[in-house]
Amino acid sequence: NDNATPPNTITKAWQFTVQDYSTFPAIPPTFKMPDGSVDLTASGFNVRMHQMEVARPGGNNLPAPLLQLADQLIDSATTQPYPNVIDTSLEPGKWTGTTYAESDVINYNQDARDNPAAGAGTFRPDNPIPGIPGTGGSTDNIAMEATTYLELSAGTYRMGVNSDDGFVVGSALNPKDTLPIRLGLFDGGRGSADSFFDFVVAESGIYPFSLIWWEGGGGANLEWFYEESDTGQRILINNRSVPVPVKAYRTAKGTRPYVQSVEPAAGAFGVPVNANIEFVLAD
C-alpha cells in the first residue's frame, strides 16, 4: 500500500513451481574427505587412459568401456587382454604408467594436437587428449577414467558433460570405486552434445569424484563443467580464473577401501543364471 489518506492497497498473486530437490541424488557427509587428507597443492585430475587398436567388443554401450579399463576384454586370438596402445611419449614427464597428471581442466579434443584451432562443445581452445593418437596412429577406441576430489559447498549443483561418445560421472568413498553413486550418464554413441545432471551436497567439504568417458570411432571430445545457478554461465571444473571456482585436487592420503572390480560387470547381459558374482576389494 502507499501513504495516501486513506491508503491505496494493491494485491498481486503469482503462481510458480519449485524444483523438487528431493528427487536429486544426494552425496552424503560420510563421503567427505577428512580435514588435511587432500593435497591442496596438487591441482586437477588423475587421468587413466586406455586405447585398443581394434574396435571395442560390445561397442559404445556399458559395460564394454568399463571392461576395457579393467583389462577384462580378451582377445580370442591370444587369450590375453587387448594391449593398451596409449602413447605416453606425447606428454613427457606427466605420466605414471598409463595415468596422466592433468593439473588444469577436462577440455579434450582428438583434433587439437594437429589443429589447435579445432573446437567442439562450448569451451575454446581445446586441449589434446592425453596419449592420443596412440602408438599405432589411431584416435579411436578410447576409454578414460578421471579421478579427483572436488571442493563443494553445501547446496544443489548442476553439472554437465559435453561428450563424443559416452560418459558416467559418480561419487563414492574413494574415487576409484567402480560402484559409485551415479550422478550423470550418457550410454551410447553420439556426436558432440551436452548432458546435464543435478545433485545435492549435504555438507560443505571435499568429495571424491570420477568421470569415465569413452569413444568408438570418428570424432572424440570431452568437457566437464558446472552451471552457475544465478546466471546460467557454464564454467569448466577446476577453472581457477573465475571468482568462485569448483576446485579439483588430484591426490589424497589415507584413502579408503574401494570396490576395484566386479565380474560380471554392472550392466552385463547374457550372463548364466548360475554364474558367480565376484568383487575385488582394494584396501
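Me: What does buried mean here?
Reply: Buried means under 20% relative accessible area, exposed over 50%, and partly exposed in between, using a 1.4 Å probe and protein chains only. In this chain of 283 residues, 45% are buried. The model is predicted: local features need pLDDT of at least 70, side-chain atom pairs count only at pLDDT 80 or more, and totals for chains, interfaces and linings use all residues. Residues are numbered from 1 along each chain as its sequence is written, and side-chain values use heavy atoms, leaving out hydrogens and water.

Me: How many helices and strands are there?
Reply: Helices (H or I, at least four residues) and strands (E, at least two) are DSSP runs, numbered from the N terminus. The chain has 1 helix and 19 strands.

Me: How do I read contacts in the chain?
Reply: A contact means heavy atoms within 4.5 Å. Take the contacts with a separation of 6 or more: 73% join residues 24 or more positions apart.

Me: Where is Arg-250, and is Arg-250 buried or exposed?
Reply: Arg-250 sits in the loop between strand E17 (248–249) and strand E18 (258–263). Arg-250 is buried, yet has no salt bridge. A salt bridge needs a side-chain nitrogen of Lys or Arg within 4 Å of a carboxyl oxygen of Asp or Glu. The nearest side chain of opposite charge, Asp-39, is 6.8 Å away. Not counting residues up to four places away in sequence, Arg-250 touches several residues, including Phe-45, Glu-102 and Tyr-149.

Me: Is Trp-14 buried or exposed?
Reply: Trp-14 is exposed, with a relative accessible area of 70%. Trp-14 lies in the segment before strand E1 (26–27).

Key:
Lys, Arg positive; Asp, Glu negative; His and termini not counted.
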